[in-house]
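My plan is to look up a few things and write down what I find.

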2 protein chains.
Amino acid sequence: MTGRFSTHIGFRPIDPILRRLKSLATLSEPELSLLRTLGERRERHAPGEQLVAEHAKEPRPRFVVSGWACRQRLMPDGRRQIFSLMLPGDDLGFESAPALASVVALTALETVDGAPALDAARRGAAPGLAAALAAAARQADALLLDQAVRLGRLTAFERMAHFFLELQHRLEITGLGDRQRFPLPLTQEIMADSLGLSIVHVNRTLQQLRRAGMIELRSGVAILLQPEAMTKLCDYRGVANKAA
Amino acid sequence: MTGRFSTHIGFRPIDPILRRLKSLATLSEPELSLLRTLGERRERHAPGEQLVAEHAKEPRPRFVVSGWACRQRLMPDGRRQIFSLMLPGDDLGFESAPALASVVALTALETVDGAPALDAARRGAAPGLAAALAAAARQADALLLDQAVRLGRLTAFERMAHFFLELQHRLEITGLGDRQRFPLPLTQEIMADSLGLSIVHVNRTLQQLRRAGMIELRSGVAILLQPEAMTKLCDYRGVANKAA
DNA sequence: CGCTTCTTTGACGAGCCTCAAACTGAGTGG
DNA sequence: CCACTCAGTTTGAGGCTCGTCAAAGAAGCG
């Protein structure tokens, strides 16, 4: 987690949030400076910490500044399904209560309070921000549909490719990755629970992708060697941008 | 499709809509009568007809009055994933444009224009209706998460059980089914595309459920013989009700 | 270092898919 | 009333994908 893709060096703390929201709607200068002030009320979370409980009456709206989290549901027998990964710049707990899934930190995580932004948007005081948050919610919906296609109709090989392409795109938007490289601080268990596979099969599928010359994984960084080929192979359609 | 669960005999045309929205929020008398007037602008759709195209700029908001539809996505090679089934009383095309998936009629279908309801809710003229529509959107989100769990972490046997329980609950709410029986006008191909299975395996899994004394299927009607056992077996949690 | 967590490998079996064909039932037209 | 057709269901055979169990490496961390 150090070096080129560090989330601490070379970026202002809340830069991913600004970048992401700017990619979703046009923000005014007052809106931007409101967002910049959010960085002051920061909070740290250890891996495994639950940020939102499944039926939380009033989940606190937050933005992820650094580190990764996920939305998930657990079954009584221990099976877990991860619905989506929350990357730096992503919002959580902005939807109406009660929460439909829990949110859990996957790595060391930093978040900031999103309430000022949400309030301003709701009051009508920040139309650009309101549009950006609406677009973010739409994008989350789109990602969930992609996830359903992955789980229901893609093979393990296609699923992994699709998954990596989604991460590449999302991380590039926030400036944390480029067209080919991005940080990937996930264990194979987490990928398994996200992709509906077993850990062992994730491991073997990763090897397949490596042998096919598609990817390279080294110390928390993923490299896509043939992004175009991967895109075709799994019918990846990219992340939704601005709403209409 | 005649007899006890007919959608035409014994119910006022838009009754499923009223029942469903009343289950989601408290509606005032003016709101109810607004909804009743919707029944006048009715539209018929043949099976297979596309009601909303995947990237439709402005999908027309509609309520399903009778028949079933689905939200789905198609892959270039013909694979299909159904995200959700739309039953009588359900709304479609109410979210912000452009549409993230297409909506297709699965059976002969009747819909009515939802725009008057949506407009009234947006204008602030119908707070109860607005609450009901928001709760409906929330419920759709919840169903999509259930669907992801089904696809990612349940076995074929559990998936089918979970699927039937969801349909039972949803249809009971609109008065189209009871605690054990409900109409099921779906081919096994449709179930397969909904559950992420092959047709053949759906057929065999249905036989398993029958042999286990769980279900009975006869001419478009499903009977759940042991709903409680089924609920335990697949960790079914029921449909979300009123939002907070 | 020694511990824990994570990754990797092997062996084996089960779940699910594909292909192919037979069967059923509901029209449709002669 | 009887083919005939067509969509849907059911069955069989065979094989690939993916899961489970178990244990051996690697890699991070105190």
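**Entry 1: the two chains**

I start with a term: contact here means heavy atoms within 4.5 Å. I also note that this is a predicted model.

How many residues of chain B are in contact with chain A? I find 37 residues of chain B in contact with 37 residues of chain A. Next I looked up the area. Chain A and chain B bury about 3,300 Å² between them. Carbon and sulfur atoms carry 57% of that. Then I asked which residues of chain B lose the most area to chain A. They are Arg138(B), Leu145(B) and Arg153(B). Together these three make up 24% of what the chain B side buries.

**Entry 2: DNA strand C**

I moved on to the DNA. I see 15 residues around DNA strand C. The closest are Gln188(A), Asn203(A), Arg204(A), Gln207(A) and Ser198(B). Of the atoms of DNA strand C that come within 4 Å of the protein, sugar and phosphate account for 62%.

Gln188(A) has a polar side-chain atom 2.7 Å from a phosphate oxygen of DNA strand C. Ala156(B) uses its backbone: a polar backbone atom is 3.0 Å from a phosphate oxygen of DNA strand C.

Which helix gives the largest share of the surface near DNA strand C? I find helix 7 of chain A, with five residues. Helix 7 of chain A and helix 7 of chain B each supply at least two residues there. By type, I note four nonpolar, eight polar and three charged residues in the surface near DNA strand C.

**Entry 3: DNA strand D**

I repeated the search for the other strand. DNA strand D is surrounded by 15 residues. The closest are His201(A), Gln188(B), Asn203(B), Arg204(B) and Gln207(B). Within 4 Å of the protein, 62% of the atoms of DNA strand D belong to sugar or phosphate, and the rest to bases.

Asn203(B) places a polar side-chain atom 2.7 Å from a phosphate oxygen of DNA strand D. His201(A) has a side-chain N or O atom 3.2 Å from a phosphate oxygen of DNA strand D. I also looked for a contact to a base. An N or O atom in the side chain of Arg204(B) is 2.4 Å from a base nitrogen of DNA strand D.

Helix 7 (199-211) of chain A and helix 7 (199-211) of chain B each supply at least two residues of the surface near DNA strand D. Helix 7 of chain B gives the most, five residues. I list the residue types near DNA strand D as four nonpolar, eight polar and three charged.

**Entry 4: a sheet in chain A**

Last, I looked up a sheet in chain A. Four strands form an open sheet there, in the order 1-8-3-6, with antiparallel pairing. Why do strand 1 and strand 6 each have one side without a neighbour in the sheet? Strand 1 (42-45) and strand 6 (91-92) of chain A stand at the edges with a single partner strand each, so one side of each has no neighbour in the sheet.

I followed one pairing. Strand 3 (residues 62-66) and strand 6 of chain A pair in the antiparallel sense over two bridges. Arg62(A) has Leu92(A), in strand 6 of chain A, as its bridge partner. Helix 1 (residues 15-24) of chain A packs on this sheet, touching strand 3, strand 6 and strand 8 (109-113) of chain A. The direction of helix 1 makes about 120 degrees with that of strand 3 of chain A.

Notes: Residues are numbered from 1 along each chain as its sequence is written. Chains are lettered from A and ligands numbered from 1 in the order in which they are written. This is a predicted model: local features need pLDDT of at least 70, side-chain atom pairs count only at pLDDT 80 or more; totals for chains, interfaces and linings use all residues. Side-chain values use heavy atoms; hydrogens and water are left out. A residue is near a molecule or strand if one of its heavy atoms lies within 4 Å of it. A polar contact is a pair of N or O atoms within 3.5 Å; within protein, one must be able to donate a hydrogen and the other to accept it, and residues adjacent in sequence count only if both atoms are side-chain atoms. Ala, Val, Leu, Ile, Met, Phe, Trp, Tyr, Cys and Pro count as nonpolar, Asp, Glu, Lys and Arg as charged, and the others, Gly among them, as polar. Two strands pair if DSSP finds at least two bridges between them. Axes are lines fitted to C-alpha atoms, for helices over the stretch in contact, and angles run from 0 to 180 degrees between N-to-C directions. Buried area is the accessible area (1.4 Å probe) that two parts lose on being put together, summed over both.
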